[in-house]
Amino acid sequence: MDVKQAFIIMLSGTVGTIGFSVLFKSDRRRIFCNALGGAFTCFVYIISCEIFELEFFQNMIPALFATGYAEVMARVERAPATPILACSIISLVPGSKLYYTTYYFVMGYMDQFNETLMDTLKIAAGLAAGIICVSVAVHEVNRHKFRQIFEIEE
């Protein structure tokens with residue numbers, strides 16, 4: 001991938017994130033935070049596409065980053081992490097693959113349907129794995145801190 005393609009991907013991901021933030025009715029001050037998350041997530045996606053061949057890892061690594069970013073920014077902004085994550089990760093959602101999967105199914109092209117369905121599921125699994133890994137780690141850290149504060153023993 002050349003620099004021009006990478007720039008176009010990052011720019012379109014950032015603009016899409018801003019649009020989704022407005023649609024999601026984010027606060028004006030959080031739109032910049034979401035746009036920054038979307039831009040960084042696209043950047044990590046571009047790098048992971050250069051490193052990994054499998055779509056699962058190409059999407060899991062940016063999802064790990066986006067979830068970590070959302071958790072950190074949630075603490076900084078004193079806001080829930082979910083809206084920040086939803087906006088930051090929207091550029092990774094496989095919209096065209098979902099469309100073509102449905103299209104091939106409706107039209108009865110089962111070979112193409114099976115192929116695009118498997119690609120879509122790999123991407124979705126990578127996104128889910130990345131989100132779950134970071135979310136569980138943050139939950140465990142917070143649970144441990146809570147136990148230390150109140151000196152609860154197991």
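Modeller: Let us start with Phe-65, which sits in helix 3. Keep in mind that this is a predicted model.

Colleague: Why is Phe-65 called partly exposed?

Modeller: Its relative accessibility is 30%. Buried means under 20%, and exposed means over 50%. The value of 30% falls in between, so Phe-65 counts as partly exposed.

Colleague: What does Phe-65 touch, leaving out residues up to four places away in sequence?

Modeller: Phe-65 touches Phe-40, Thr-41 and Val-44. Contact here means heavy atoms within 4.5 Å. As for Ile-47, it is 18 residues from Phe-65 along the chain, and their C-alpha atoms are 12 Å apart.

Colleague: Now Phe-7. Why is Phe-7 called exposed?

Modeller: Phe-7 belongs to helix 1. Its relative accessibility is 55%. The cut-off for exposed is over 50%, so Phe-7 counts as exposed.

Colleague: Why is Ser-96 put in the partly exposed class?

Modeller: Ser-96 is in helix 5. Its relative accessible area is 48%. Exposed needs over 50% and buried needs under 20%, so Ser-96 is partly exposed. Its C-alpha atom is 9.8 Å from that of Thr-116, 20 residues away along the chain.

Colleague: Let us turn to the loops. What makes Lys-25 worth a remark?

Modeller: Lys-25 has a positive phi of about 60°, although it is not a glycine. It is located in the loop between helix 1 and helix 2. At 73% relative accessibility, Lys-25 is over the 50% cut-off and so counts as exposed.

Colleague: What is the phi of Arg-78, and where is Arg-78 found?

Modeller: Arg-78 has a positive phi of about 55° and is not a glycine either. Its place is the loop between helix 3 and helix 4. The relative accessibility of Arg-78 is 77%, which is over 50%, so Arg-78 is exposed.

Colleague: Now the inside. What makes a set of residues a nonpolar core?

Modeller: The members must be buried residues of the nonpolar kinds, joined through side-chain atoms within 4.5 Å. The largest such core has 14 residues. Ile-84, Ile-89 and Leu-127 touch the most other members. Helix 3, helix 4 and helix 6 each supply at least two residues of this core. Helix 3 gives the most, with 6 residues.

Colleague: What is Ile-89 in contact with, beyond four places in sequence?

Modeller: Ile-89 is in contact with Ala-63, Ala-66, Leu-127 and Ile-131.

Colleague: Why might such side chains gather inside?

Modeller: In soluble globular proteins, nonpolar side chains tend to be buried together.

Colleague: Next, the largest pocket. Which residues lie nearest its centre?

Modeller: They are Tyr-45, Asn-59, Ser-91, Leu-92 and Val-93, from a lining of 15 residues. The space in this pocket is about 250 Å³. Helix 1, helix 2, helix 3 and helix 5 each give at least two residues to the lining.

Colleague: How do the lining residues of the largest pocket divide by kind?

Modeller: There are 7 nonpolar, 6 polar and 2 charged residues.

Colleague: Finally, the whole chain. How many helices and strands are there?

Modeller: The protein chain has 6 helices and 0 strands. Its pattern along the sequence reads α-α-α-α-α-α. The C-alpha trace spans about 60 × 40 × 30 Å along its principal axes.

Colleague: What part of the protein chain counts as buried?

Modeller: Of its 154 residues, 34% count as buried. The accessible surface comes to about 9900 Å², and 67% of that belongs to carbon and sulfur atoms.

Colleague: What share of the contacts with a separation of 6 or more joins residues 24 or more positions apart?

Modeller: Such pairs account for 62% of those contacts in the protein chain.

Note on methods. Residues are numbered from 1 along each chain as its sequence is written. This is a predicted model: local features need pLDDT of at least 70, side-chain atom pairs count only at pLDDT 80 or more; totals for chains, interfaces and linings use all residues. Side-chain values use heavy atoms; hydrogens and water are left out. On a 1 Å grid over the protein atoms alone, a cavity is a set of points where a 1.4 Å probe fits but cannot get out, and a pocket is an open set with protein on both sides within 12 Å along at least five of seven lines; lining residues have an atom within 4 Å of a point. Grid points are joined across faces, edges and corners, and a volume is the space filled by probe spheres set on the points. Helices (H or I, at least four residues) and strands (E, at least two) are DSSP runs, numbered from the N terminus. Ala, Val, Leu, Ile, Met, Phe, Trp, Tyr, Cys and Pro count as nonpolar, Asp, Glu, Lys and Arg as charged, and the others, Gly among them, as polar. Buried means under 20% relative accessible area, exposed over 50%, partly exposed in between (1.4 Å probe, protein chains only). Accessible areas come from the Shrake-Rupley method with a 1.4 Å probe; for residues, only the protein chains shown count as cover.
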